[in-house]
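Visitor: I am new to reading protein structures. Could you take me through some features, one at a time?

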Amino acid sequence: MKSVKRLVGIVLSCVLFAGLMPGDVYAEGGDGGRKTFSVSSFQDLDWQIMLARTEPVTIQMTEDDNNANRDLTIKSGQDVVITSDPASTENRKISFSNPVVITVEPDAVLAIDRITLDGASELFTLIRVEEGGTLIVRNSAVLEGSLHTAVRNEGSFTLDSSTIQNSCLSDGYSRDPIYGGGVYNSGSFTMINGRITANCMNGNKTYGGGVYNSGVFNMKSGTIDNNMDTNIETYGGGVYNDASGTFTMDSGTIKGNTVGMGDGAGVYNAGTFYMKGGTIEESSMMLGNGGGVYNSSIFEMSGGTITKN
């Protein structure tokens, strides 16, 4: 009898480590050394990432999951793509029922591809990229509804043809400064045809309703619009570029952003801002200076338009 139990245990262990979890996880094959799996829940997705170890994997969500309730860590050495199954004509949606943090460790890569992450219950940052980690949000992916910054990046972050929207921070009456409604960047952030929209901050001192940057922010194209810093001492409704930050705007639009009683409804620049193209327009404030751009440091404008602010 003991031999039988031992044999059953060995078989179950082999099944688990092969990635053939009970339920809806199954291998679909590989592409150029990258294995592809299909899963129907966030829990199975987490399991598959853990079992992959350092093997590159693409994981396809076959169904929406409205009850994601655990943290997810992409560990050093891992290369993971999370996407919707090819049969789906719309993004598969992962909704978090508890505060969850997705962490990308140093020397790890995570791509969010044609997936919607709904952080409506998020009290913390939705995705945190540690120094040396890489996050790519692409192909019409959506990050939305967090009660904190959607992405806090200390590594490398690319927003490519995707959207960050409806995140809203509050200081919780602590009167502590808060930073970055949509994105907090202290690493390298590149924006290509993306959109950062309808994010907000409500506090005594707020910086960057759409983006707070103290690293390197390259806006190749896309739109940062309708973000708000409300209340008093609010700075940078669209973008706040801090003293150590370098913000280069090659193209795109910063439009319709708002600050309460503060400065720089479109862009507040305390660092280095190179405007080579694009448009900053139609941003406003209740009381303050710099409807389009407020500059207290280095601002070089070689192209683009600032108008109707």
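Visitor: Is Lys 35 buried, partly exposed or exposed?

Guide: Start with the model itself: it is predicted. Now to accessibility. Buried means under 20% relative accessible area, and exposed means over 50%. Lys 35 has 39% relative accessibility, so it counts as partly exposed.

Visitor: Which residue forms a salt bridge with Lys 35?

Guide: First, the general idea. Side chains of opposite charge can pair when their charged atoms come close. Here the partner of Lys 35 is Glu 55, and the closest N and O atoms are 3.8 Å apart. Glu 55 sits in the loop between α2 and β3, while Lys 35 sits in strand β2, so the pair ties together parts that are 20 residues apart in sequence. Glu 55 is partly exposed, at 33% relative accessibility.

Visitor: How many salt bridges are there?

Guide: The count comes to twelve salt bridges. One of them joins the side chains of Lys 205 and Glu 233, at 3.9 Å from N to O. This pair links distant parts of the chain, 28 residues apart: Lys 205 is in the loop between β22 and β23, and Glu 233 is in strand β27.

Visitor: Where are the partners Asp 250 and Lys 220?

Guide: Look at two loops. Asp 250 is in the one between β29 and β30, and Lys 220 is in the one between β25 and β26. They are 30 residues apart. Salt bridges can also share partners, and in this way Lys 93, Asp 118 and Glu 144 are joined into one network.

Visitor: Back to strand β2. Is Ser 38 buried or exposed?

Guide: Ser 38 is buried, because its relative accessibility is 1%. This residue lies in strand β2, residues 34-39. Its side chain makes a polar contact of 3.4 Å with the side chain of Gln 60.

Visitor: Why is helix α2 described as largely enclosed?

Guide: Count its buried residues. Eight of the eleven residues in α2 (residues 42-52) are buried, so the rest of the structure largely encloses this helix. Among the buried ones are Phe 42, Leu 45, Ile 49 and Leu 51. Just after α2, look at Arg 53: it takes a positive phi of about 55°.

Visitor: Which residues form a nonpolar patch on the surface?

Guide: Met 261, Met 286 and Leu 287 do. Together they have about 350 Å² of accessible area. Take Met 286, in strand β35. Its relative accessible area is 68%, so Met 286 is exposed.

Notes
Residues are numbered from 1 along each chain as its sequence is written. This is a predicted model: local features need pLDDT of at least 70, side-chain atom pairs count only at pLDDT 80 or more; totals for chains, interfaces and linings use all residues. Side-chain values use heavy atoms; hydrogens and water are left out. Helices (H or I, at least four residues) and strands (E, at least two) are DSSP runs, numbered from the N terminus. Buried means under 20% relative accessible area, exposed over 50%, partly exposed in between (1.4 Å probe, protein chains only). A polar contact is a pair of N or O atoms within 3.5 Å; within protein, one must be able to donate a hydrogen and the other to accept it, and residues adjacent in sequence count only if both atoms are side-chain atoms. Patches are made of residues with over 30% relative accessible area and no salt bridge: like charges are joined within 9 Å, nonpolar side chains (Val, Leu, Ile, Met, Phe, Trp, Tyr) within 5 Å. Accessible areas come from the Shrake-Rupley method with a 1.4 Å probe; for residues, only the protein chains shown count as cover. A salt bridge is a side-chain nitrogen of Lys or Arg within 4 Å of a carboxyl oxygen of Asp or Glu.
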